[in-house]
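Open the structure in a viewer and keep the sequence panel at hand. The stops below are given in the order in which to select them.

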Amino acid sequence: MRDIVLIALYALAGATAAGALGALALRLLRHRSVAVSLTVVAAVSVTAMLAGTLSVAWAMFLSSHDLTVVTTVCAMAAVVSLATALLLGRWVVARSNALTLAARDFGRSGSFAAPDGNATAELAALARELAATSAKLEESRERERALDASRRELVAWISHDLRTPLAGLRAMAEALEDGVAEDPARYHRQIRTETDRLNGMVGDLFELSRIHAGTLSLSPSRMSVYDLVGDALAGAEPLAREHGVRLVGEDAGGAAEGVPVEVDGREMTRVLGNLLVNAIRHTPADGTVAIAARHEEATGTVVLSVTDACGGIAEEDLPRVFDTGWRGSEARTPPAGAGLGLAIVRGIVEAHAGRATVCNVRGGCRFEVVLPAAP
């Protein structure tokens with residue numbers, strides 16, 4: 001037993017000395033290639049084994065022949081280990097270089113393509129993460145391009161819509177100033193109308209800027225769906241009479257009447273008002289605009305819908321309906337307005353943790369506002 005302990009101590013001493021030298025070498029070469037580190041690790045393993053063996057052999061006073069045999073065996077093992085470490089290191093370095101080039105191309109082109117061939121689990125995981133990041137960045141770029149296009153359209157349309165009433169106001173003001181207006185009272189009424197129109201457009205822009213900046217301030221309170229629908233119907237009734245459109249509430253106080261919602265009454269009334277005004281303007285005379293409410297018990301939500309008789313929206317335009325500045329196809333393009341109403345609707349609804357959707361129905365389209373029911 002004593003001999004075994006001594007052999008273990010001699011072997012430990014020799015291996016420790018080799019390990020210390022290897023640790024020092026790894027520290028000095030820590031900034032070099034991984035192939036060098038792998039070679040050093042292999043060399044340390046073989047050297048530790050050789051040092052331990054030689055220490056034991058020296059302590060046991062082996063013959064020179066036996067010591068030569070042991071040394072030769074350890075040397076062959078060292079050669080094989082170093083060769084294996086070098087091959088593995090070169091393979092890992094080649095895969096790392098390929099991944100580096102792919103990442104460099106990613107930085108230039110914005111699109112990442114994983115290099116072909118097998119790789120270690122860590123390098124493969126890194127390639128997958130880079131590919132996922134590339135896909136997310138591409139989606140962000142697509143959204144950014146869509147937003148830029150919407151902003152350009154919005155600026156163009158706002159410029160046009162502001163120029164028209166301003167030109168009219170200037171002409172009427174000059175006519176009144178020169179005293180050539182045949183009916184000054186009519187000019188004053190028209191000026192008031194155009195001023196209200198401009199004020200509404202500026203108000204919509206201000207509301208939209210608050211939504212995009214995340215500074216929309218809500219004061220939610222517990223309200224019944226019946227009150228929301230009733231207020232929206234009352235506000236849109238004069239416009240419906242002017243356009244000759246029938247405005248009806250389908251089961252507005254039915255199953256959803258007793259279901260409360262936590263909303264900002266003023267903002268949600270604006271949402272329903274925008275939807276009703278949009279529906280009335282695009283529904284022909286003698287058409288019908290219906291507003292309804294229902295309670296979805298399975299999802300714990302309340303769905304408010306506005307259905308018009310506009311003839312429907314082109315399928316390719318449906319995803320863009322709530323985009324800023326969208327005015328739709330020629331058939332749905334209003335004579336006035338900056339295309340902000342539906343964008344405001346979506347922003348306000350999402351601020352209430354809800355969602356706004358649109359779909360085509362027979363003879364028209366249906367806008368739905370989904371809100372969480374109050375507990």
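Rings of Phe, Tyr and Trp, the last by its six-membered ring, count as a pair if their centres lie within 6.5 Å. The model is predicted. Searching the whole structure gives 1 aromatic pair.

Select Phe 322 and Phe 367 to see that pair: the ring centres are 6.0 Å apart and the planes stand at 85°, so the arrangement is edge-to-face. The two residues are 45 residues apart, and their pairing links distant parts of the chain. Phe 322 is in the loop between E5 and helix H8 (341–351), while Phe 367 belongs to strand E7 (residues 364–372). Phe 322 and Phe 367 are both buried.

Within the largest nonpolar core, which has 47 residues, Leu 304 and Phe 367 touch the most other members. Another core, of 7 residues, lies apart from that one; to find it, select Leu 99, Ala 102, Phe 106 and Ala 127, which are among its members.

Next, go to strand E5 (residues 301–307) and select Thr 307, which lies in that strand. Is Thr 307 buried or exposed? Its relative accessibility is 17%, so Thr 307 counts as buried, the cut-off for buried being under 20%.

Now show the surroundings of Thr 307. Leaving aside residues up to four places away in sequence, Thr 307 touches Thr 288, Val 289, Ala 290, Val 361, Cys 365 and Arg 366. For the last stop, display the side chains of Thr 307 and Arg 366, which make a polar contact with each other at 3.0 Å.

Methods. Residues numbered from 1 in each chain as written. Predicted model: local features only at pLDDT ≥ 70, side-chain atom pairs only at ≥ 80, totals over all residues. Heavy atoms only, no water. Helix = DSSP H or I, 4+ residues; strand = E, 2+ residues; numbered from the N terminus. Buried < 20%, exposed > 50% of the residue type's maximum accessible area, 1.4 Å probe, protein only. Polar contact = N/O pair within 3.5 Å; in protein donor to acceptor, adjacent residues only side chain to side chain. Contact = heavy atoms within 4.5 Å. Core = buried A, V, L, I, M, F, W, Y, C linked by side-chain atoms within 4.5 Å. Phe/Tyr/Trp six-rings, centres within 6.5 Å; stacked < 30°, edge-to-face > 60°.
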